[in-house]
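Work through the following exercises with the structure in view, and try each task before reading its solution.

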Amino acid sequence: MKKQDEIFIWEKLLSCKRLNEILHGTSEVTCRTEPRNPFERDCDRITYSYPFRRLQDKTQVIPLPVLDFVHTRLTHTLEVATVGRSLGRLLEKQLLDKGIINDDKKGDIPAILSAACLAHDIGNPPFGHSGEDSISEYFRFEGGNLHLTKIYGGEQVEIDHPKYGKIQDYEYKDIISRIKCTDLKQFEGNANGFRILTKLNNTGLNLTIATLGTFSKYPRSSYLKDETDEHRWVKDRVSQKKYGFFYSETEYFIKIAKELGLRELYNDGLSYAYSRHPLAFLMEASDDICYRIIDLEDGHRIDRIPFNEAELILKKIAIKDDRYSEAEYNSLENEKIKIGYLRSKSINYLVFQCFEVFSIKYYEILKGEFDSELLNSIVDKDSLSALKELKELVKKYIYSWRDVLKLEATGFEVLSGLIQKFIDASNLCIECPINTRSKRASKIYELLPDQYCHINDTEELYLRYLKVADYVSGMSDSFAINMFQRIMGIKAIS
(Lines give C-alpha, C1' and ligand atoms only; values in the text may rest on other atoms or scores of the structure.)
Protein backbone atom coordinates (compact mmCIF):
# COMPACT_ATOMS: atom_id res chain seq x y z
CA MET A 1 0.00 0.00 0.00
CA LYS A 2 1.33 3.45 -0.91
CA LYS A 3 2.09 5.73 2.02
CA GLN A 4 -0.14 8.48 0.64
CA ASP A 5 -3.07 6.05 0.41
CA GLU A 6 -2.43 4.96 4.01
CA ILE A 7 -2.39 8.58 5.19
CA PHE A 8 -5.68 9.25 3.38
CA ILE A 9 -7.32 6.19 4.96
CA TRP A 10 -6.36 7.29 8.47
CA GLU A 11 -7.49 10.87 7.84
CA LYS A 12 -10.98 9.51 7.19
CA LEU A 13 -10.87 6.94 10.02
CA LEU A 14 -9.84 9.61 12.57
CA SER A 15 -12.44 12.15 11.46
CA CYS A 16 -13.46 14.53 14.23
CA LYS A 17 -16.77 15.32 12.50
CA ARG A 18 -19.73 14.83 14.80
CA LEU A 19 -22.85 12.88 13.92
CA ASN A 20 -25.03 15.97 13.61
CA GLU A 21 -22.56 17.45 11.15
CA ILE A 22 -22.89 14.60 8.68
CA LEU A 23 -26.66 14.32 9.24
CA HIS A 24 -27.42 18.01 8.79
CA GLY A 25 -24.42 19.38 6.94
CA THR A 26 -23.38 21.70 9.76
CA SER A 27 -19.83 22.37 10.95
CA GLU A 28 -18.34 22.75 14.43
CA VAL A 29 -15.75 25.52 14.29
CA THR A 30 -14.54 24.56 17.78
CA CYS A 31 -13.40 21.11 16.62
CA ARG A 32 -9.82 21.66 17.83
CA THR A 33 -9.83 24.98 19.66
CA GLU A 34 -10.56 23.67 23.17
CA PRO A 35 -8.10 22.29 25.76
CA ARG A 36 -9.66 18.88 25.14
CA ASN A 37 -9.37 17.22 21.77
CA PRO A 38 -12.71 16.20 20.14
CA PHE A 39 -12.40 12.61 21.30
CA GLU A 40 -11.67 13.57 24.90
CA ARG A 41 -14.92 15.49 24.69
CA ASP A 42 -16.55 12.22 23.58
CA CYS A 43 -15.17 10.55 26.73
CA ASP A 44 -16.66 13.29 28.87
CA ARG A 45 -20.05 13.21 27.15
CA ILE A 46 -20.28 9.47 27.72
CA THR A 47 -19.05 9.65 31.34
CA TYR A 48 -21.61 12.30 32.31
CA SER A 49 -24.55 10.55 30.59
CA TYR A 50 -27.34 8.82 32.52
CA PRO A 51 -26.95 5.45 30.72
CA PHE A 52 -23.27 5.35 31.71
CA ARG A 53 -24.08 6.18 35.33
CA ARG A 54 -26.59 3.32 35.51
CA LEU A 55 -23.81 0.82 34.78
CA GLN A 56 -22.83 1.07 38.45
CA ASP A 57 -25.96 -0.96 39.30
CA LYS A 58 -25.81 -3.45 36.46
CA THR A 59 -24.34 -6.90 37.02
CA GLN A 60 -21.21 -7.91 35.15
CA VAL A 61 -21.30 -11.63 36.04
CA ILE A 62 -21.46 -12.05 39.83
CA PRO A 63 -24.64 -10.80 41.56
CA LEU A 64 -24.08 -7.39 43.11
CA PRO A 65 -25.23 -8.02 46.71
CA VAL A 66 -22.61 -10.75 47.33
CA LEU A 67 -19.65 -8.47 48.00
CA ASP A 68 -18.97 -4.82 47.32
CA PHE A 69 -15.70 -5.27 45.50
CA VAL A 70 -16.64 -7.57 42.63
CA HIS A 71 -16.98 -5.90 39.26
CA THR A 72 -20.12 -4.16 38.13
CA ARG A 73 -20.61 -3.15 34.52
CA LEU A 74 -19.22 0.26 35.48
CA THR A 75 -15.94 -0.89 37.05
CA HIS A 76 -15.46 -3.38 34.22
CA THR A 77 -16.02 -0.58 31.69
CA LEU A 78 -13.53 1.75 33.36
CA GLU A 79 -10.87 -0.96 33.32
CA VAL A 80 -11.55 -1.76 29.67
CA ALA A 81 -11.05 1.93 28.87
CA THR A 82 -7.58 1.92 30.47
CA VAL A 83 -6.55 -1.10 28.39
CA GLY A 84 -7.97 0.53 25.26
CA ARG A 85 -5.98 3.67 25.97
CA SER A 86 -2.77 1.61 26.26
CA LEU A 87 -3.41 -0.15 22.95
CA GLY A 88 -4.19 3.23 21.41
CA ARG A 89 -0.84 4.62 22.52
CA LEU A 90 1.02 1.69 20.97
CA LEU A 91 -0.72 2.23 17.65
CA GLU A 92 -0.29 6.00 17.80
CA LYS A 93 3.47 5.65 18.29
CA GLN A 94 3.68 3.27 15.35
CA LEU A 95 1.77 5.63 13.05
CA LEU A 96 3.76 8.67 14.22
CA ASP A 97 7.05 6.86 13.63
CA LYS A 98 5.94 5.95 10.09
CA GLY A 99 4.77 9.49 9.39
CA ILE A 100 1.18 8.38 8.75
CA ILE A 101 -0.19 10.87 11.28
CA ASN A 102 1.31 14.17 12.44
CA ASP A 103 1.99 15.50 15.94
CA ASP A 104 -1.18 17.59 15.78
CA LYS A 105 -3.15 14.33 16.05
CA LYS A 106 -1.19 13.10 19.06
CA GLY A 107 -3.60 11.87 21.72
CA ASP A 108 -6.46 11.28 19.29
CA ILE A 109 -6.25 7.49 18.94
CA PRO A 110 -5.94 6.76 22.70
CA ALA A 111 -8.90 9.08 23.34
CA ILE A 112 -11.03 7.47 20.60
CA LEU A 113 -10.37 4.03 22.06
CA SER A 114 -11.05 5.24 25.60
CA ALA A 115 -14.37 6.73 24.49
CA ALA A 116 -15.45 3.63 22.57
CA CYS A 117 -14.47 1.41 25.51
CA LEU A 118 -16.40 3.61 27.93
CA ALA A 119 -19.47 3.14 25.74
CA HIS A 120 -19.00 -0.52 24.83
CA ASP A 121 -21.54 -1.88 27.36
CA ILE A 122 -23.82 1.15 27.51
CA GLY A 123 -26.64 -0.64 25.68
CA ASN A 124 -26.58 -3.86 27.70
CA PRO A 125 -29.76 -4.63 29.68
CA PRO A 126 -29.66 -5.42 33.41
CA PHE A 127 -29.02 -8.87 34.90
CA GLY A 128 -25.81 -9.81 33.21
CA HIS A 129 -25.60 -11.84 30.05
CA SER A 130 -29.18 -13.11 30.25
CA GLY A 131 -30.68 -9.62 29.84
CA GLU A 132 -30.66 -9.72 26.04
CA ASP A 133 -32.12 -13.23 26.03
CA SER A 134 -34.91 -12.12 28.36
CA ILE A 135 -36.06 -9.40 25.98
CA SER A 136 -35.55 -11.56 22.88
CA GLU A 137 -37.59 -14.44 24.24
CA TYR A 138 -40.57 -12.21 25.02
CA PHE A 139 -40.73 -11.23 21.35
CA ARG A 140 -39.92 -14.73 20.05
CA PHE A 141 -42.03 -17.01 22.22
CA GLU A 142 -44.31 -14.97 24.47
CA GLY A 143 -46.95 -12.27 24.06
CA GLY A 144 -44.74 -10.07 21.92
CA ASN A 145 -44.58 -12.76 19.24
CA LEU A 146 -48.37 -12.76 18.90
CA HIS A 147 -48.43 -8.99 18.40
CA LEU A 148 -45.61 -9.04 15.85
CA THR A 149 -47.03 -11.98 13.90
CA LYS A 150 -50.38 -10.23 13.54
CA ILE A 151 -48.77 -7.15 11.95
CA TYR A 152 -45.65 -8.47 10.22
CA GLY A 153 -46.21 -12.18 9.76
CA GLY A 154 -43.65 -14.67 10.98
CA GLU A 155 -45.38 -18.04 10.85
CA GLN A 156 -43.00 -20.97 11.16
CA VAL A 157 -42.78 -23.00 7.95
CA GLU A 158 -40.48 -25.54 6.30
CA ILE A 159 -38.51 -24.04 3.42
CA ASP A 160 -35.96 -25.12 0.83
CA HIS A 161 -32.98 -22.96 1.72
CA PRO A 162 -30.53 -22.38 -1.18
CA LYS A 163 -27.58 -23.21 1.10
CA TYR A 164 -28.88 -25.36 3.98
CA GLY A 165 -31.57 -27.47 2.31
CA LYS A 166 -34.90 -28.13 4.06
CA ILE A 167 -35.05 -26.19 7.31
CA GLN A 168 -37.59 -24.65 9.68
CA ASP A 169 -37.75 -20.90 9.15
CA TYR A 170 -40.19 -18.01 9.44
CA GLU A 171 -42.30 -16.47 6.69
CA TYR A 172 -42.81 -12.71 6.97
CA LYS A 173 -44.87 -10.31 4.86
CA ASP A 174 -41.73 -8.77 3.35
CA ILE A 175 -38.00 -8.29 4.03
CA ILE A 176 -38.47 -5.07 6.01
CA SER A 177 -40.95 -6.86 8.27
CA ARG A 178 -38.42 -9.61 8.82
CA ILE A 179 -35.64 -7.13 9.68
CA LYS A 180 -37.85 -5.30 12.18
CA CYS A 181 -38.97 -8.52 13.85
CA THR A 182 -35.38 -9.81 13.96
CA ASP A 183 -34.34 -6.60 15.74
CA LEU A 184 -36.74 -7.46 18.55
CA LYS A 185 -36.57 -11.26 18.50
CA GLN A 186 -32.76 -11.18 18.63
CA PHE A 187 -32.41 -8.08 20.78
CA GLU A 188 -28.79 -6.97 20.73
CA GLY A 189 -27.08 -4.79 23.35
CA ASN A 190 -24.56 -3.50 20.81
CA ALA A 191 -27.32 -2.20 18.53
CA ASN A 192 -29.09 -0.77 21.56
CA GLY A 193 -25.87 1.01 22.53
CA PHE A 194 -25.61 2.58 19.07
CA ARG A 195 -29.23 3.72 19.41
CA ILE A 196 -28.51 5.30 22.82
CA LEU A 197 -25.41 7.10 21.54
CA THR A 198 -27.21 8.45 18.48
CA LYS A 199 -30.81 8.95 19.64
CA LEU A 200 -30.94 9.22 23.45
CA ASN A 201 -33.69 11.73 24.24
CA ASN A 202 -34.06 12.22 20.46
CA THR A 203 -30.64 13.86 20.09
CA GLY A 204 -28.08 11.28 21.24
CA LEU A 205 -24.70 12.34 22.61
CA ASN A 206 -23.54 13.80 19.25
CA LEU A 207 -20.23 11.95 19.35
CA THR A 208 -17.57 12.03 16.66
CA ILE A 209 -18.00 9.51 13.87
CA ALA A 210 -14.54 8.09 14.64
CA THR A 211 -15.75 7.11 18.12
CA LEU A 212 -19.06 5.75 16.79
CA GLY A 213 -17.22 3.70 14.17
CA THR A 214 -14.79 2.31 16.74
CA PHE A 215 -17.68 1.47 19.06
CA SER A 216 -19.37 -0.63 16.35
CA LYS A 217 -18.02 -4.17 16.75
CA TYR A 218 -20.74 -5.58 14.53
CA PRO A 219 -21.28 -3.14 11.63
CA ARG A 220 -24.27 -4.84 10.03
CA SER A 221 -28.08 -5.09 10.01
CA SER A 222 -29.83 -7.78 12.04
CA TYR A 223 -30.90 -9.73 8.94
CA LEU A 224 -29.30 -10.19 5.53
CA LYS A 225 -30.84 -12.12 2.64
CA ASP A 226 -30.90 -15.92 2.99
CA GLU A 227 -29.88 -15.85 6.66
CA THR A 228 -31.81 -17.87 9.23
CA ASP A 229 -32.00 -17.59 12.99
CA GLU A 230 -29.24 -20.19 13.23
CA HIS A 231 -26.99 -19.27 10.28
CA ARG A 232 -25.20 -16.01 9.51
CA TRP A 233 -24.36 -15.13 5.90
CA VAL A 234 -20.65 -15.63 6.51
CA LYS A 235 -19.03 -17.73 9.26
CA ASP A 236 -15.41 -16.64 9.11
CA ARG A 237 -15.96 -12.94 9.95
CA VAL A 238 -16.25 -12.24 13.66
CA SER A 239 -17.74 -8.82 12.88
CA GLN A 240 -20.78 -10.51 11.33
CA LYS A 241 -21.72 -12.94 14.12
CA LYS A 242 -24.03 -10.34 15.71
CA TYR A 243 -25.47 -7.04 14.51
CA GLY A 244 -24.71 -3.48 15.48
CA PHE A 245 -27.65 -1.25 14.57
CA PHE A 246 -31.42 -1.55 14.47
CA TYR A 247 -33.43 -0.91 11.32
CA SER A 248 -34.46 2.43 12.86
CA GLU A 249 -30.82 3.64 12.85
CA THR A 250 -29.81 2.23 9.45
CA GLU A 251 -29.59 5.63 7.76
CA TYR A 252 -27.32 6.94 10.51
CA PHE A 253 -24.93 4.02 10.26
CA ILE A 254 -24.71 4.16 6.46
CA LYS A 255 -23.70 7.82 6.59
CA ILE A 256 -21.10 7.15 9.28
CA ALA A 257 -19.65 4.18 7.38
CA LYS A 258 -19.38 6.12 4.12
CA GLU A 259 -17.78 9.12 5.82
CA LEU A 260 -15.21 6.87 7.54
CA GLY A 261 -14.51 4.94 4.35
CA LEU A 262 -15.49 1.53 5.75
CA ARG A 263 -15.55 -1.22 3.15
CA GLU A 264 -19.07 -2.23 2.11
CA LEU A 265 -19.56 -6.00 2.37
CA TYR A 266 -23.29 -6.28 1.67
CA ASN A 267 -26.00 -3.96 0.34
CA ASP A 268 -29.39 -4.96 -1.03
CA GLY A 269 -30.99 -1.57 -0.44
CA LEU A 270 -32.59 -2.72 2.82
CA SER A 271 -29.86 -4.53 4.74
CA TYR A 272 -26.20 -3.56 5.02
CA ALA A 273 -22.90 -4.93 6.27
CA TYR A 274 -19.51 -3.22 6.48
CA SER A 275 -16.00 -4.08 7.53
CA ARG A 276 -14.96 -2.89 10.98
CA HIS A 277 -13.20 0.34 11.78
CA PRO A 278 -9.61 -0.84 12.50
CA LEU A 279 -9.76 0.57 16.03
CA ALA A 280 -12.80 -1.64 16.76
CA PHE A 281 -10.45 -4.64 16.85
CA LEU A 282 -8.45 -2.96 19.62
CA MET A 283 -11.61 -2.07 21.53
CA GLU A 284 -12.79 -5.67 21.31
CA ALA A 285 -9.38 -6.91 22.49
CA SER A 286 -9.53 -4.56 25.49
CA ASP A 287 -12.88 -6.00 26.52
CA ASP A 288 -11.81 -9.60 25.90
CA ILE A 289 -8.61 -9.25 27.93
CA CYS A 290 -10.40 -7.67 30.88
CA TYR A 291 -13.39 -9.93 31.22
CA ARG A 292 -11.35 -13.12 30.75
CA ILE A 293 -8.90 -12.20 33.51
CA ILE A 294 -11.18 -10.22 35.81
CA ASP A 295 -13.95 -12.83 35.96
CA LEU A 296 -11.36 -15.26 37.32
CA GLU A 297 -10.09 -12.74 39.88
CA ASP A 298 -13.64 -11.99 41.04
CA GLY A 299 -14.35 -15.71 41.29
CA HIS A 300 -11.37 -16.15 43.58
CA ARG A 301 -12.24 -13.08 45.66
CA ILE A 302 -15.64 -14.51 46.59
CA ASP A 303 -14.01 -17.87 47.40
CA ARG A 304 -15.61 -19.69 44.49
CA ILE A 305 -12.43 -20.46 42.53
CA PRO A 306 -9.70 -22.22 44.58
CA PHE A 307 -6.38 -20.36 44.74
CA ASN A 308 -4.29 -23.28 43.52
CA GLU A 309 -6.40 -23.65 40.34
CA ALA A 310 -6.50 -19.91 39.63
CA GLU A 311 -2.77 -19.50 40.26
CA LEU A 312 -1.80 -22.49 38.11
CA ILE A 313 -3.49 -21.12 34.99
CA LEU A 314 -2.94 -17.38 35.48
CA LYS A 315 0.75 -17.83 36.21
CA LYS A 316 1.27 -19.46 32.80
CA ILE A 317 0.51 -16.07 31.25
CA ALA A 318 1.84 -13.71 33.93
CA ILE A 319 5.39 -15.10 34.00
CA LYS A 320 5.84 -14.10 30.35
CA ASP A 321 5.48 -10.42 31.16
CA ASP A 322 8.82 -8.59 31.30
CA ARG A 323 7.92 -7.02 34.64
CA TYR A 324 7.12 -10.30 36.39
CA SER A 325 9.38 -11.12 39.35
CA GLU A 326 9.19 -14.46 41.12
CA ALA A 327 10.86 -12.98 44.21
CA GLU A 328 8.37 -10.14 44.35
CA TYR A 329 5.48 -12.56 43.84
CA ASN A 330 6.64 -14.87 46.66
CA SER A 331 6.96 -11.92 49.04
CA LEU A 332 3.27 -10.98 48.74
CA GLU A 333 1.24 -11.39 51.91
CA ASN A 334 -1.86 -13.36 50.90
CA GLU A 335 -3.56 -15.25 48.10
CA LYS A 336 -5.85 -12.43 46.96
CA ILE A 337 -2.94 -10.02 46.57
CA LYS A 338 -1.04 -12.69 44.66
CA ILE A 339 -3.93 -13.20 42.25
CA GLY A 340 -4.08 -9.41 41.81
CA TYR A 341 -0.38 -9.38 40.94
CA LEU A 342 -0.82 -12.17 38.38
CA ARG A 343 -3.86 -10.37 36.92
CA SER A 344 -1.82 -7.18 36.42
CA LYS A 345 1.06 -8.92 34.69
CA SER A 346 -1.24 -11.10 32.56
CA ILE A 347 -3.21 -8.12 31.28
CA ASN A 348 -0.02 -6.23 30.44
CA TYR A 349 1.42 -9.20 28.55
CA LEU A 350 -1.80 -9.80 26.61
CA VAL A 351 -1.96 -6.13 25.58
CA PHE A 352 1.37 -6.49 23.79
CA GLN A 353 0.39 -9.86 22.35
CA CYS A 354 -2.82 -8.44 20.86
CA PHE A 355 -1.02 -5.43 19.48
CA GLU A 356 1.52 -7.76 17.84
CA VAL A 357 -1.34 -9.46 15.97
CA PHE A 358 -2.71 -6.05 14.97
CA SER A 359 0.72 -5.06 13.64
CA ILE A 360 1.17 -8.30 11.70
CA LYS A 361 -2.31 -8.06 10.17
CA TYR A 362 -2.21 -4.26 9.85
CA TYR A 363 -2.63 -3.94 6.07
CA GLU A 364 -5.27 -6.69 5.97
CA ILE A 365 -7.17 -4.82 8.68
CA LEU A 366 -6.96 -1.53 6.75
CA LYS A 367 -8.35 -3.24 3.65
CA GLY A 368 -11.20 -4.86 5.60
CA GLU A 369 -9.86 -8.36 4.90
CA PHE A 370 -8.76 -9.52 8.39
CA ASP A 371 -11.82 -10.26 10.55
CA SER A 372 -10.94 -12.28 13.67
CA GLU A 373 -10.61 -11.57 17.38
CA LEU A 374 -7.09 -10.38 18.18
CA LEU A 375 -6.97 -12.24 21.49
CA ASN A 376 -7.84 -15.55 19.81
CA SER A 377 -5.14 -14.91 17.20
CA ILE A 378 -2.14 -14.25 19.46
CA VAL A 379 1.16 -15.80 18.43
CA ASP A 380 1.92 -17.32 21.85
CA LYS A 381 0.06 -20.62 21.66
CA ASP A 382 0.85 -21.55 25.27
CA SER A 383 -0.91 -18.41 26.51
CA LEU A 384 -3.76 -19.06 24.12
CA SER A 385 -4.14 -22.52 25.60
CA ALA A 386 -4.03 -21.05 29.13
CA LEU A 387 -6.82 -18.59 28.19
CA LYS A 388 -8.99 -21.51 27.11
CA GLU A 389 -8.29 -23.29 30.40
CA LEU A 390 -9.12 -20.08 32.24
CA LYS A 391 -12.44 -19.79 30.40
CA GLU A 392 -13.38 -23.34 31.37
CA LEU A 393 -12.42 -22.70 34.99
CA VAL A 394 -14.68 -19.64 35.21
CA LYS A 395 -17.48 -21.54 33.49
CA LYS A 396 -17.14 -24.38 35.99
CA TYR A 397 -17.14 -22.30 39.17
CA ILE A 398 -18.99 -19.08 38.24
CA TYR A 399 -21.33 -19.40 35.26
CA SER A 400 -22.98 -22.51 36.72
CA TRP A 401 -23.04 -21.16 40.29
CA ARG A 402 -26.53 -21.16 41.80
CA ASP A 403 -26.41 -17.46 42.72
CA VAL A 404 -25.59 -16.53 39.12
CA LEU A 405 -28.29 -18.85 37.79
CA LYS A 406 -30.82 -17.37 40.22
CA LEU A 407 -29.93 -13.86 39.09
CA GLU A 408 -30.37 -14.82 35.44
CA ALA A 409 -33.68 -16.54 36.18
CA THR A 410 -34.81 -13.41 38.01
CA GLY A 411 -33.84 -11.37 34.96
CA PHE A 412 -36.04 -13.46 32.69
CA GLU A 413 -39.06 -12.96 34.93
CA VAL A 414 -38.49 -9.28 35.65
CA LEU A 415 -37.57 -8.02 32.16
CA SER A 416 -40.12 -10.03 30.21
CA GLY A 417 -42.73 -9.20 32.86
CA LEU A 418 -42.07 -5.47 32.63
CA ILE A 419 -42.06 -5.45 28.84
CA GLN A 420 -45.32 -7.38 28.74
CA LYS A 421 -47.01 -5.01 31.19
CA PHE A 422 -45.88 -1.88 29.34
CA ILE A 423 -46.66 -3.24 25.87
CA ASP A 424 -50.11 -4.52 26.85
CA ALA A 425 -50.85 -1.20 28.52
CA SER A 426 -49.66 0.86 25.56
CA ASN A 427 -51.65 -1.28 23.11
CA LEU A 428 -54.82 -0.80 25.14
CA CYS A 429 -54.30 2.91 25.70
CA ILE A 430 -53.36 3.70 22.10
CA GLU A 431 -55.68 1.41 20.17
CA CYS A 432 -58.85 1.61 22.29
CA PRO A 433 -61.28 4.57 22.40
CA ILE A 434 -60.82 6.77 25.46
CA ASN A 435 -64.15 5.80 27.04
CA THR A 436 -63.30 2.07 26.90
CA ARG A 437 -59.70 2.19 28.14
CA SER A 438 -58.73 0.09 31.13
CA LYS A 439 -57.97 2.16 34.22
CA ARG A 440 -55.33 -0.39 35.24
CA ALA A 441 -53.64 -0.16 31.83
CA SER A 442 -53.73 3.64 31.96
CA LYS A 443 -51.88 3.70 35.29
CA ILE A 444 -49.15 1.40 33.99
CA TYR A 445 -48.89 3.31 30.73
CA GLU A 446 -48.43 6.58 32.62
CA LEU A 447 -45.40 5.09 34.38
CA LEU A 448 -43.49 5.29 31.11
CA PRO A 449 -41.30 8.42 31.02
CA ASP A 450 -42.20 11.03 28.41
CA GLN A 451 -39.61 9.98 25.84
CA TYR A 452 -41.02 6.43 25.83
CA CYS A 453 -44.66 7.38 26.36
CA HIS A 454 -47.25 9.52 24.51
CA ILE A 455 -46.82 7.21 21.54
CA ASN A 456 -49.57 8.18 19.11
CA ASP A 457 -51.73 5.72 17.21
CA THR A 458 -49.94 6.47 13.92
CA GLU A 459 -46.56 5.33 15.22
CA GLU A 460 -45.63 1.93 13.87
CA LEU A 461 -45.79 -1.06 16.18
CA TYR A 462 -42.06 -1.77 15.71
CA LEU A 463 -41.09 1.71 16.94
CA ARG A 464 -43.54 1.58 19.83
CA TYR A 465 -42.14 -1.74 21.01
CA LEU A 466 -38.56 -0.62 20.48
CA LYS A 467 -39.23 2.34 22.78
CA VAL A 468 -40.54 0.02 25.50
CA ALA A 469 -37.44 -2.16 25.06
CA ASP A 470 -35.34 1.04 25.29
CA TYR A 471 -36.87 1.86 28.65
CA VAL A 472 -36.63 -1.60 30.20
CA SER A 473 -33.12 -2.35 28.91
CA GLY A 474 -31.90 0.96 30.29
CA MET A 475 -32.94 0.13 33.85
CA SER A 476 -30.46 -0.83 36.53
CA ASP A 477 -30.85 -4.20 38.25
CA SER A 478 -32.36 -2.85 41.46
CA PHE A 479 -34.65 -0.36 39.70
CA ALA A 480 -36.03 -3.11 37.43
CA ILE A 481 -36.70 -5.43 40.38
CA ASN A 482 -38.33 -2.64 42.39
CA MET A 483 -40.53 -1.57 39.45
CA PHE A 484 -41.57 -5.16 38.73
CA GLN A 485 -42.44 -5.87 42.38
CA ARG A 486 -44.58 -2.76 42.67
CA ILE A 487 -46.46 -3.27 39.40
CA MET A 488 -47.13 -6.91 40.26
CA GLY A 489 -48.30 -5.99 43.75
CA ILE A 490 -45.49 -7.97 45.39
CA LYS A 491 -44.09 -4.94 47.14
CA ALA A 492 -46.13 -2.09 48.58
CA ILE A 493 -45.09 1.55 48.40
CA SER A 494 -43.30 2.41 51.65
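**Exercise 1.** In this predicted model, describe how helix H14 (residues 307-318) and helix H16 (residues 335-360) are placed relative to each other, starting from their axes.

*Solution.* Begin with the general point that two packed helices are described by the angle between their axes and the distance between the axes. The axes of H14 and H16 come within 8 Å and cross at roughly 30°. Angles under 35 degrees count as roughly parallel, and H14 and H16 are therefore roughly parallel to each other. As for the hand of the crossing, H14 passes H16 in a left-handed manner.

The next step is to look at the residues that meet. On the H14 side they are Phe307, Ala310, Glu311, Leu314, Lys315, Ile317 and Ala318, and among their partners in H16 are Ile339, Leu342, Tyr349 and Leu350. Sorted by class, this contact has nine nonpolar, one polar and six charged residues.

**Exercise 2.** Find the buried residues of helix H18 (residues 381-399) and state what covers them.

*Solution.* First take the helix as a whole: H18 has 19 residues and reaches 25 Å from its first C-alpha to its last, which is close to the 27 Å expected at 1.5 Å a residue. Its buried residues are Ser383, Leu384, Ala386, Leu387, Leu390, Leu393, Val394, Tyr397 and Ile398.

**Exercise 3.** Decide whether Asn202 and Asn206 are buried or exposed, and examine the phi of each.

*Solution.* Asn202 lies in the loop between helix H10 (189-199) and helix H11 (209-215), and Asn206 is likewise placed in the loop between H10 and H11. Because exposed means over 50% relative accessible area, Asn202 counts as exposed at 72%, whereas Asn206, with 13%, is buried, the cut-off for buried being under 20%.

For the backbone, recall that most residues other than glycine have a negative phi. Phi of Asn202 is near 75° and phi of Asn206 is near 50°, each a positive value in a residue other than glycine.

Definitions and conventions: Residues are numbered from 1 along each chain as its sequence is written. This is a predicted model: local features need pLDDT of at least 70, side-chain atom pairs count only at pLDDT 80 or more; totals for chains, interfaces and linings use all residues. Side-chain values use heavy atoms; hydrogens and water are left out. Helices (H or I, at least four residues) and strands (E, at least two) are DSSP runs, numbered from the N terminus. Buried means under 20% relative accessible area, exposed over 50%, partly exposed in between (1.4 Å probe, protein chains only). Axes are lines fitted to C-alpha atoms, for helices over the stretch in contact, and angles run from 0 to 180 degrees between N-to-C directions. Angles under 35 degrees count as roughly parallel, over 145 as roughly antiparallel, 65 to 115 as roughly perpendicular and the rest as oblique. A crossing is left-handed if the near helix is turned anticlockwise from the far one by less than a right angle, and right-handed if clockwise. Contact means heavy atoms within 4.5 Å. Ala, Val, Leu, Ile, Met, Phe, Trp, Tyr, Cys and Pro count as nonpolar, Asp, Glu, Lys and Arg as charged, and the others, Gly among them, as polar. The expected span of a helix is 1.5 Å times one less than its number of residues.
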